[in-house]
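Please keep the model open while reading.

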Amino acid sequence: MDNNSTELAQAPIKKLLFKLALPTVFAQLINLLYNIVDRMYVGHIEGVGSMALAGLGVCFPIIILISAFAALVGMGGAPRASMAYGAGDIKGARKVLGAATAFLIVISIVLTGTFWFTMEPILMMFGASETTLPFGLSYLRIYLLGTMAVQLALGLNQFISAQGFATKSMIAVLIGAVTNIVLDPIMIFVFDMGVAGAAVATVISQIISAVYIVSFLCSKKAIIKIERKYLRLDIPVLKNIIMLGIGPFIMQSTECLIQLVFNIGMKNYGGDYYVSVMAILFSLNQVMFLPMQGISMGGVPIISYNYGAGNMDRVKEAFKLMLKVSLIYSAVFTSLFLIAPKVFIMLFSTDPEVIRIGAGAMRVYMFGFIFMGIQIACQQTFLAVGQSKISVFLALLRKVILLTPLALIMPKFFGVSGLLFSEPISDILAITITAITFALSSKKIFDPEYAKKHIG
């Protein structure tokens with residue numbers, strides 16, 4: 001415990017950020033494969049790959065929503081636990097973890113039951129056609145059986161990173177991802193299970209990750225650990241978790257809303273091939289966001305701990321470095337997508353029609369991501385210092401306030417092109433407003449006296 005707290009409080013920021021972020025970024029890259037390898041294999045199923053990919057695409061909003069609830073608890077609870085840890089309140093940190101674990105279990109039961117009995121009408125509403133619906137149902141029926149494992153794996157892994165065990169966090173993702181990558185082709189092609197095989201591989205992988213994470217958080221090695229006496233729905237603690245986690249929840253759940261809007265728009269203005277293309281673009285979108293999220297996850301424990309300890313110089317230094325690294329990443333990878341879109345499309349499909357539509361669509365859809373590192377760094381810093389109201393506003397801004405109305409209105413005048421252009425327009429506006437908001441708020445937020453009054 002002393003070694004971890006001393007390192008967070010005193011180690012050089014650059015060295016510490018990369019020590020915490022590199023394993024986390026690696027874990028997120030593995031998690032990226034975890035998330036998109038199903039789509040890569042499914043898209044290459046002989047004869048039905050494009051339609052199977054579209055069927056998988058209409059499941060994405062549900063999958064994202066399930067992940068959003070894990071983010072609500074994990075990204076709301078882990079910074080709270082980390083700040084308590086930084087302030088020397090280990091008991092308080094363990095209370096947060098116990099309440100979070102109990103809440104994740106309850107959420108998973110509710111989500112499984114809700115979607116199990118409504119999946120067919122929901123998938124039709126989300127853009128499925130008579131051709132693609134059977135593929136979506138085949139995947140979702142099995143995926144829902146692993147909801148609890150998904151919730152525990154995604155939600156509790158944040159608590160491992162929050163106490164400085166970035167390598168353990170990486171291993172948790174790695175073992176599940178490797179299992180998924182190995183099992184996917186076996187289930188899909190060797191056992192000839194098709195889309196259902198991809199779901200089976202995913203569920204088995206998430207169960208393995210969840211078991212590893214829970215075992216570690218119950219072990220003597222963990223500082224913030226799961227203890228039976230705190231494993232309950234502690235309402236005051238959950239209120240604090242939800243207040244802080246609502247920002248990440250909105251960011252991910254609005255991603256569900258956006259995928260829904262885009263899937264329906266593509267179906268209405270383009271057809272099933274366009275829905276397949278959106279499945280690919282949403283997958284490549286994750287190539288942008290997951291590693292940047294990994295960078296921020298490396299920075300958040302540093303910022304949260306030192307904010308709780310009143311070390312504002314270290315907080316500012318960590319933010320500046322996180323901003324620089326995130327911005328470089330978003331600029332470099334977006335440029336690659338814009339220069340060689342066909343290379344990335346062909347990872348998912350060799351269908352000439354999908355490649356033709358996808359190459360042009362990618363250049364429009366991805367353009368605004370060049371500066372997305374600014375949005376991520378500022379958003380996560382607000383989250384790390386407990387500024388839930390600003391975090392919620394910024395989470396709502398890009399997806400709900402800007403993108404959703406544009407994605408609904410512009411296609412009425414410009415068809416599919418209008419739908420695609422709505423993304424970069426909203427991205428650029430959101431990034432600009434976020435940067436201005438951070439600049440105007442930072443002086444007050446980083447004042448030590450202000451921080452003392454607003455922790456907890």
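## Aromatic pairs

Phe282 and Tyr365 are both buried in this predicted model. The structure holds 16 aromatic pairs. In the pair of Phe282 and Tyr365, the ring centres lie 6.4 Å apart and the planes stand at 80 degrees, over the 60 needed, so the pair is edge-to-face. Phe282 sits in helix α12 (residues 272–309) and Tyr365 in helix α15, so the pair ties together parts 83 residues apart in sequence.

Phe289 and Phe369 form another edge-to-face pair. Their centres are 5.8 Å apart, with 75 degrees between the planes. Phe289 belongs to helix α12 and Phe369 to the loop between α15 and α16 (372–384), so this pair links parts 80 residues apart in sequence. Phe289 has 17% relative accessibility and counts as buried. Phe369 is at 0% and also counts as buried. Phe262, Phe282, Phe289, Tyr365 and Phe369 form one aromatic cluster.

## Helix α15 against α17

The axes of helix α15 (residues 352–365) and helix α17 (residues 388–445) come within 8 Å. They cross at roughly 30 degrees. That is under 35 degrees, so α15 and α17 are roughly parallel to each other.

Tyr365 takes part here too: with Ala361 and Val364 of α15, Tyr365 meets Leu420, Phe421, Glu423 and Pro424 of α17. The contact residues divide into six nonpolar, no polar and one charged.

## Arg398 in α17

Arg398 is placed in helix α17. Is Arg398 buried or exposed? At 6% relative accessibility, Arg398 counts as buried.

The side chain of Arg398 makes a polar contact with the side chain of Asp427 at 2.7 Å. Leaving aside residues up to four places away in sequence, Arg398 touches several others, among them Phe289, Phe369, Met372, Gln375 and Glu423.

## Helix α5 against α11

The axes of helix α5 (residues 90–116) and α11 come within 9 Å and cross at roughly 80 degrees. That angle falls in the range 65 to 115, so α5 and α11 are roughly perpendicular to each other.

From α5, the contact uses Lys95, Val96, Ala99, Ala100 and Phe103. From α11 come Val237, Leu238, Ile241 and Ile242. Eight of the contact residues are nonpolar, none is polar and one is charged.

## Ser219 in a loop

Ser219 is found in the loop between α10 (195–217) and α11 (235–269). Its side chain reaches the backbone oxygen of Phe216 at 2.6 Å.

Ser219 and Gln252 are 33 residues apart in sequence. C-alpha to C-alpha, Ser219 and Gln252 are 31 Å apart in space.

Definitions and conventions. Residues numbered from 1 in each chain as written. Predicted model: local features only at pLDDT ≥ 70, side-chain atom pairs only at ≥ 80, totals over all residues. Heavy atoms only, no water. Axes fitted to C-alpha atoms, helices over the stretch in contact; angles between N-to-C directions. Helix = DSSP H or I, 4+ residues; strand = E, 2+ residues; numbered from the N terminus. Parallel < 35°, antiparallel > 145°, perpendicular 65-115°, else oblique. Contact = heavy atoms within 4.5 Å. Nonpolar A, V, L, I, M, F, W, Y, C, P; charged D, E, K, R; others polar. Polar contact = N/O pair within 3.5 Å; in protein donor to acceptor, adjacent residues only side chain to side chain. Buried < 20%, exposed > 50% of the residue type's maximum accessible area, 1.4 Å probe, protein only. Phe/Tyr/Trp six-rings, centres within 6.5 Å; stacked < 30°, edge-to-face > 60°.
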